[in-house]
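Open the model in your viewer and keep the selection panel at hand. The stops below concern aromatic rings.

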Amino acid sequence: MREDATMNHIRKTCARISEHSIFTNTIIVLIMINAILVGFETYSSIASNYYDWIYFADRLLLWVFTIEIIIRLIGRKSIKDFVRDPWNIFDIVIVGLGHVLVGSHYVTVLRIIRVLRVLRAISIIPSLRKMVNALILTIPSMGTIVLLLSLFFYIYGVIGTMLFNDIAPEYFGTLHDSLLSLFQVITLESWASGVMRPILALDPTAWWYFVSFIMIGAFVIVNLFVGVIVNNVEEASREESPSPTDIKLAELQQELAEIKELLKKK
């Protein structure tokens with residue numbers, strides 16, 4: 001009985017620590033320091049002169065992050081409750097890979113994993129977590145739009161290859177060249193001076209191809225992506241902080257469900 005009370009006290013203490021703003025803000029600062037250290041390693045002069053210090057700081061931060069995860073794990077009611085949150089799984093994978101790859105000869109892989117620790121800021125900062133969750137919700141909706149965009153690109157890619165492969169082989173010589181050129185065009189980055197103007201100089205009627213592609217692709221289909229993302233961000237915000245109207249609707253739905261249950265019993 002005394003052991004259960006002690007364990008319960010430890011769990012509540014860890015829960016209070018993990019939920020405290022000072023603890024959260026400290027972890028965020030350490031994540032940023034980790035990002036700065038990894039950035040320093042991209043400068044060969046700093047990496048060679050201060051390698052031992054950077055390595056020590058990296059090992060220290062790795063163990064701090066490990067202790068942080070252990071505190072959050074103990075603070076949960078059960079391991080099942082902890083792993084139910086996918087962000088906790090993400091943290092375990094990133095930190096765990098850091099331990100596994102210590103001393104590894106795969107230096108590039110190790111550096112990549114260390115850079116990925118910066119992404120832990122998403123799991124720590126609620127606003128970032130909400131934004132990423134909203135983006136994840138858009139994935140099913142994106143499928144149809146991606147299919148539509150792929151068909152659109154393919155059609156215009158084939159047409160562009162047929163029309164301009166002799167005029168501008170560097171842009172439309174093959175289908176994959178055409179698709180790459182169209183990707184540049186849809187980003188609106190130097191599409192007029194870099195792609196369209198040289199072709200217009202040789203074929204003045206080519207304007208319809210580029211104008212129609214911009215009108216349909218950049219102004220219609222790409223905006224569909226934006227609309228879906230904005231809609232899902234709003235839905236995610238309502239789920240985390242529902243408005244008074246949403247709360248009232250939820251209460252009415254619950255009351256209707258209770259009335260239905262009473263009618264069924266009668």
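Which residues form one aromatic cluster? Select Phe152, Phe153, Tyr156, Phe164, Phe172, Trp208, Tyr209, Phe210 and Phe213. This is a predicted model, where local features need pLDDT of at least 70, side-chain atom pairs count only at pLDDT 80 or more, and totals for chains, interfaces and linings use all residues. Residues are numbered from 1 along each chain as its sequence is written, and side-chain values use heavy atoms, with hydrogens and water left out.

Rings of Phe, Tyr and Trp (its six-membered ring) pair if their centres lie within 6.5 Å; planes under 30 degrees apart count as stacked, over 60 as edge-to-face and the rest as tilted. By this rule there are 13 aromatic pairs.

Next, select Phe153 and Phe213. Their ring centres are 5.6 Å apart and the planes stand at 80 degrees, so this pair is edge-to-face. Phe153 belongs to helix 9 (residues 126-164) and Phe213 to helix 13 (residues 207-240), so the pair ties together parts 60 residues apart in sequence. Helices here are DSSP runs (H or I, at least four residues), numbered from the N terminus. Phe153 is buried at a relative accessible area of 12%, and Phe213 is buried at 0%; buried means under 20% relative accessible area (1.4 Å probe, protein chains only).

Move to Tyr156 and Tyr209. With centres 5.3 Å apart and planes at 50 degrees, the pair is tilted. Tyr156 is in helix 9 and Tyr209 in helix 13, 53 residues apart. Tyr156 is buried at 10% relative accessibility, and Tyr209 is buried at 0%.

Last, select Arg59 and Tyr55. The charged end of Arg59 sits over the Tyr55 ring, 5.2 Å from its centre (the criterion: NZ of Lys or CZ of Arg within 6 Å of the ring centre and within 35 degrees of the ring normal).

Technical notes:
Helix = DSSP H or I, 4+ residues; strand = E, 2+ residues; numbered from the N terminus. Buried < 20%, exposed > 50% of the residue type's maximum accessible area, 1.4 Å probe, protein only.
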